[in-house]
Amino acid sequence: MRTATATAAAVTTTLLGAGAAVTAAALVGRRAADAALRTEPGCPLPGSPRLTVHSAAAGRVELTRSLASLRPGTYGLTAPGVHAVVGSVLPEAPCGPDTVVRRLLAVTHGSLDPGTRVTLTPQVHLGNPGTALGLDHADVDVPGELGALPAWFVPAARDTWVITVHGLGATREHPMVVMPFLHRQRLPVLDLAYRGDLGAPASPDGLGHLGVSEWRDLDAAIRYALRYGARRIVLHGWSTGATMALHAAERSALADRICGLVLDSPVLDWQATLRALVAARHTPRPLLSLAVKAAEGRAGLRADHRPPGSDPAALRIPVLVFHGPDDTLAPWEPSRRLAAARPDLVTLRTVPRAAHGAMWNADPAGYEEALRRFLTPLM
């Protein structure tokens, strides 16, 4: 009897210990999932490389040499209290073996002192379309299901409107990179802030949902545009904003008024994106899968939920996709498959050496020319 009792006690202790370990792992996984889904607008995404400013002078800045600092194109440089704009690498400029010199186009806030730790970001402009670009605009409120959604409206002559919507880690300042081009085409622009953004209502659970619920804010913007004079709508989204655009094209009661989609770095494989976000939070490798499952549940991404764009046959309107193989947050393979499945409607512009959401930054002129060709028949 004593032996049996001791054995039972040992088994019970082992089971209790195992149960406690499972509970602890589940708790850690859930915390990692919540952290991944709380990407703060306007802050660099987790995992974004930090660079050190070595020197700055008129027209040039010397930065730590890395894959990020060597990327082609135009970017913002951000740090707490600092924002600047840099252009292309200056290969002939003298620098050390561990540094690179880029053209310094502007310092819009703060100063680039030696030793400052900065992040290269797709967000080039700060402020609003008036202060940043000199464009006439109106601050408007779009009635959404959770409350008023702030937006900038840049008027123009045509009755085809472009609704722009940012993605992960960005704000409505990010789409300002294409506003001058769209204004030259005389296309009105409605640039939306959605749930979770500064000045917009918070999501009820305080988390992002990779477009699953946020698309309804974009749907509200479509209703607003049609109420105030738009006859046709082009949706232009980045990252999860591109996912929202696809959701709207598939689900909105007003989908027949959408005449085109522009998708920049679309999140079409949510498991891969969640895994990247969770891993960037330094989640222990053994808990990655658990954290991804927890994030799926928290974001409302059920097993029977199909990602937008998973049924290419359902597409009814032209789609222009900007994506590239160097996007580590939203793999571009789903974009390639979508384009291959519907070559009659989907045009994929491959952008090499571009980070997530930075397809314009890597090649502004090429991006805008592709956009011009796509938009001309839709105007």
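I began with threonine 350, which counts as partly exposed because its relative accessibility is 39%. The model I am reading is a predicted one.

**Entry 1. Surroundings of threonine 350**

I located threonine 350 in strand 14. I then listed what threonine 350 touches, leaving out residues up to four places away in sequence, and found His323, Pro325 and Trp332. I also looked up the spacing between threonine 350 and serine 335: the two are 15 residues apart in sequence, and their C-alpha atoms are 9.8 Å apart in space.

**Entry 2. The protein as a whole**

I recorded 10 helices and 14 strands in the protein. Of its 379 residues, 51% count as buried. I next took the contacts with a separation of 6 or more, and noted that residues 24 or more positions apart account for 75% of them.

I turned to leucine 375, which I placed in helix 10, spanning residues 364-375. Is leucine 375 buried or exposed? Leucine 375 counts as buried, because its relative accessibility of 4% falls under the 20% limit. Setting aside its neighbours within four places in sequence, I found leucine 375 in contact with Phe181, Leu182, Leu187 and Val234. I also checked leucine 375 against valine 162: they are 213 residues apart along the chain, and 9.9 Å separates their C-alpha atoms.

Valine 162 came up again when I listed the contacts of leucine 182. Not counting residues up to four places away in sequence, leucine 182 touches Val162, Leu187, Val189, Leu371 and Leu375.

**Entry 3. Nonpolar cores**

Which residues touch the most other members of the largest nonpolar core? I found Leu112, Leu182 and Leu375, in a core of 48 residues. Helix 10 gives the most to this core, with five residues. I noted a second, separate core of 41 residues, which includes Leu190, Ala220, Ala221 and Leu235.

**Entry 4. The largest pocket**

I looked up the largest pocket and recorded a volume of about 1200 Å³. Its lining comprises 49 residues, and those closest to the pocket centre are Ser48, Thr119, Leu120, Thr121 and Pro122. The elements that give two or more residues to this lining are strand 3 (75-79), strand 4 (82-89), strand 6 (117-121) and helix 6 (270-280). Which of them gives the most? Strand 6 does, with four residues. Sorted by class, the lining of the largest pocket has 25 nonpolar, 18 polar and six charged residues.

**Entry 5. The enclosed cavity**

I then searched the whole structure for cavities of 30 Å³ or more, and the search finds one. I recorded a volume of about 60 Å³ for the largest cavity. Its lining is made up of 12 residues, and Leu210, Thr243, Trp270, Leu301 and Pro308 lie nearest its centre. By class, I counted eight nonpolar, three polar and one charged residues in the lining of this cavity.

**Entry 6. Cysteines**

How many disulfides are there? The count comes to zero, with 2.5 Å between the sulfur atoms as the limit. I looked up two cysteines for their accessibility. Cysteine 95 has a relative accessible area of 36%, so it is partly exposed. Cysteine 259 has a relative accessible area of 13%, so it is buried.

**Entry 7. Positive phi angles**

Most residues other than glycine have a negative phi. I therefore looked for exceptions to this pattern.

Serine 239 has a phi near 55 degrees, a positive value in a residue other than glycine. I found serine 239 in the loop between strand 11 (232-238) and helix 5 (240-251). Its relative accessibility is 2%, so serine 239 counts as buried.

Arginine 353 is not a glycine either, yet its phi is positive, at about 60 degrees. I placed arginine 353 in the loop between strand 14 (346-350) and helix 9 (359-362). Where does its accessibility put arginine 353? It is partly exposed, because its relative accessible area is 46%, a value between the 20% and 50% limits.

How values were computed
Residues are numbered from 1 along each chain as its sequence is written. This is a predicted model: local features need pLDDT of at least 70, side-chain atom pairs count only at pLDDT 80 or more; totals for chains, interfaces and linings use all residues. Side-chain values use heavy atoms; hydrogens and water are left out. Buried means under 20% relative accessible area, exposed over 50%, partly exposed in between (1.4 Å probe, protein chains only). Contact means heavy atoms within 4.5 Å. On a 1 Å grid over the protein atoms alone, a cavity is a set of points where a 1.4 Å probe fits but cannot get out, and a pocket is an open set with protein on both sides within 12 Å along at least five of seven lines; lining residues have an atom within 4 Å of a point. Grid points are joined across faces, edges and corners, and a volume is the space filled by probe spheres set on the points. Ala, Val, Leu, Ile, Met, Phe, Trp, Tyr, Cys and Pro count as nonpolar, Asp, Glu, Lys and Arg as charged, and the others, Gly among them, as polar. A nonpolar core is a set of buried Ala, Val, Leu, Ile, Met, Phe, Trp, Tyr and Cys residues joined through side-chain atoms within 4.5 Å.
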